[in-house]
Amino acid sequence: MTKLYQHPTKQLFAYVLEDKRELIIQNIFGDTLEIPIFSLFFKYFPHDKGLKVIAVDDSPAEVIDLFFQVLVDITTEPYHYELTPSALTVELAGKQIHSETISLPQTTEKTLLIATRNEGKTKEFKALFSPLGYTIKNLNDFTELPDVAETGMTFEENARLKAETIAKSTGEMVLADDSGLMVDVLGGLPGVWSARFAGINATDAANNAKLLHELASTAVTPERRTAKFHTTLVVAAPDKPSLVVEGEWLGSIATIPKGENGFGYDPLFVDDETGKTAAQLTLSQKNKRSHRAIALQNLLKKLPEWQNS
């Protein structure tokens, strides 16, 4: 089995390519990263091997660090390097064997503003985006901004309203979602009214209680309690057409709330595959299965092209 190397502090990974004299350095989207270690690779790496580096974090200095971690391991030679903003020197057994002038690519902070004041929702997005190198903010960091009224009749209309209005006001790249629970026997309700199903400013407990009341009829048998969570994500930035993706999570509605995690309808929504409510899943489990996770997977497939357009 191929050994996987990982940087101790950054989301950077590498593995040796057998019988292939090639150095590949890419981000998670498959884009080539220009890191000045090619001369080192062809001088000191074994001639019958190659190396592939996958960088989740955009950290050129740490890519170099990981390269030497692999080099020392596979050659068993005590290579030591020093890196400054303009030079890279390499020593072996106390003797300098390499020196070159370099210019590392400048890293720019990647900030994503989540269009919500809900810390529970922000926590989910932070868990999904932080490993990709994004600094996550939410509307609690912009207290002067007024709330955007969700007057749309569809999830996309509401998500667009929030993302595009806030991007225009702040100049930030903004991710907005409109998510909701759609119960089949209720004709897709609560849908876009999920957050205010029990009235304006309704609490999660009140919304859950109303949902159970609506399904209390003895005619609503267990097999008729099917439902799905839906998410539409919209990414907006000034002077740019918005990016729209969707995701859905299939399940059913429990007869009583279960679980202590999550928020909203999570204690009532039973995941089809695990048989547990969303509130019984850990955040890690939820972020692999949820409607937002599925929408995010779809977003990540399209985000690089959108950012470069």
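Which residue in β9 is the bridge partner of K110? The partner is Y134. This is a predicted model, in which local features need pLDDT of at least 70, side-chain atom pairs count only at pLDDT 80 or more, and totals for chains, interfaces and linings use all residues. Residues are numbered from 1 along each chain as its sequence is written, and side-chain values use heavy atoms, without hydrogens and water.

**Strand β8 and its partners**
- β8 pairs with β9 in the parallel sense over five bridges; strands are DSSP E runs of at least two residues, helices H or I runs of at least four, numbered from the N terminus, and two strands pair if DSSP finds at least two bridges between them.
- β8 is also joined to β10 (residues 174–183) by two bridges, and these strands run parallel.
- In this second pairing, L113 stands opposite V174 of β10.
- Four of the five residues of β8 (residues 110–114) are buried, so the strand is largely enclosed by the rest of the structure; buried means under 20% relative accessible area, exposed over 50%, and partly exposed in between (1.4 Å probe, protein chains only).

**The β5-β6-β7 sheet**
- Three strands form an open antiparallel sheet in the order β5-β6-β7.
- β5 (79–83) and β7 (95–101) are the edge strands, each with a single partner, so one side of each has no neighbour in the sheet.
- β6 (residues 87–92) pairs with β7 over six bridges in the antiparallel sense, and L88 stands opposite E100 in β7.

**Loop residue M153**
- M153 lies in the loop between β9 (134–138) and α4 (155–170).
- M153 counts as exposed because its relative accessibility is 58%.
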